[in-house]
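Me: I have a structure open and would like to learn how to read it. Could you walk me through its features?

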Amino acid sequence: MEFRPGINSVLDTDAGGWADYKELIPAVYGNYIFENTKWEAELGLRMEYVRIRYEVNPGHSTYKTDGYSYTKPFPNVRLAYKIDEKQKISAFYNRRVDRPNEVDIRIFPKYDDAEIIKVGNPGLRPQFTNSLELGYKYTWNNGFFYAAIYDRVSTGTITRISSTIPGSTLIYAIFQNVGKSYNSGIEAIWNQKVSPVYTFNLNGNIYANLIDGFAVNNLYPVPNTSISPSQSVISGNLKLNNTFRFATGWDGQLTGVYLAPDIIPQGKIAARFSMDAGLKKSVQKGKGELFFNASDLLGTMLIKRQVQGIGFSYTSDDYYETQVIRLGYSYKF
């Protein structure tokens, strides 16, 4: 990738030039599945080797060539015991990795708001998460109920950190690893077929979100330090999915999602709500399908953030492309 700012560019002309991103990720994995009248088990392991190298042009004003490598196992375990025909208890464990994307480490500054400059970080490292869940499921003729408690711990949490430098009114948002974050909660799902026409699925989630305090060194545009105390909150979300099967051959779906206020590193994110709807009908003896769907039907999925840094604060209203309407036809050969 090569970045060439214009002569009158408002961005940092010394932060241009070229950068080469190279990744090598060979992996091997396997699953073992066992089931009898009482027990279910799935044991899996993914072993991967990763080598990432991000070569930066020697003339860049801030960043230098960087990269990382590792060889690590990522296990997943699922165990379930059938108490009787209607009841089952289960336990899950897995370890996963979220590697930085190329855009997360990209050295070229950009902006969506002229006063907030976004820059990547070649020194960014992967985020690792360990998840544990214990669940109980009760099934009846026309539905089921599932409840679970879970705990997730992430190390090297990846997020953008905002900072300022003396003598400038600009805010610089740079990707960083900020340490540990924790998410523990209770989830419940109720699925019920009310009639041949109507079925609903209600999913509720209440959790405690904790982000450890951190101090990170930002290199761009000049070295500076961002410090934030630990943050915690009790939050949750609720999702209701309604399915309709009409006599005319049409199937409909109406989904509402509510997300309670939550925390982000250096700040808070406000409550959000959205509603999606869809219709489809099978035609031509099942080979064709007419469909209509609309996401964020009411245009309410507005992301409101409050960010508090050292010597500054700001609020943002982010409008993503959430409100989309599609009308189409598909055919299976």
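Reply: We will go through cores, salt bridges and a surface patch in turn. First, this is a predicted model, where local features need pLDDT of at least 70, side-chain atom pairs count only at pLDDT 80 or more, and totals for chains, interfaces and linings use all residues. Residues are numbered from 1 along each chain as its sequence is written, and side-chain values use heavy atoms, with hydrogens and water left out.

Me: Which residues of the largest nonpolar core touch the most other members?

Reply: In soluble globular proteins, nonpolar side chains tend to be buried together. A nonpolar core is a set of buried Ala, Val, Leu, Ile, Met, Phe, Trp, Tyr and Cys residues joined through side-chain atoms within 4.5 Å; buried means under 20% relative accessible area, exposed over 50%, and partly exposed in between (1.4 Å probe, protein chains only). Here the largest core has 17 residues, and those touching the most other members are Tyr 54, Tyr 63, Ile 107, Val 119, Tyr 172, Ile 174 and Tyr 220.

Me: Which strand gives the most to this core?

Reply: Strands are DSSP runs (E, at least two residues), numbered from the N terminus. Strand β12 gives the most, with three residues, while β4 (39-56), β8 and β12 (171-177) each supply at least two. A second, separate core of seven residues includes Val 50, Tyr 70, Phe 74 and Phe 128.

Me: How many salt bridges are there?

Reply: A salt bridge is a side-chain nitrogen of Lys or Arg within 4 Å of a carboxyl oxygen of Asp or Glu. The count comes to 15. One of them joins Arg 125 and Asp 66, at 3.1 Å from N to O. This pair links distant parts of the chain, 59 residues apart: Arg 125 is in the loop between β8 (116-119) and β9 (127-140), and Asp 66 is in strand β5 (residues 66-82). Arg 125 counts as partly exposed because its relative accessibility is 29%. Elsewhere, Glu 35, Glu 40, Glu 42, Arg 78, Lys 82 and Lys 88 are linked in a network of salt bridges.

Me: Which residues make the nonpolar surface patch?

Reply: Patches are made of residues with over 30% relative accessible area and no salt bridge, joining like charges within 9 Å and nonpolar side chains (Val, Leu, Ile, Met, Phe, Trp, Tyr) within 5 Å. Areas come from the Shrake-Rupley method with a 1.4 Å probe; for residues, only the protein chains shown count as cover. Val 197, Phe 246, Leu 279, Phe 292, Ile 325 and Leu 327 make a patch of about 580 Å².

Me: Is Leu 327 buried or exposed?

Reply: Leu 327 counts as exposed because its relative accessibility is 75%. Leu 327 lies in strand β25 (residues 324-331).

Terms used. Helices (H or I, at least four residues) and strands (E, at least two) are DSSP runs, numbered from the N terminus.
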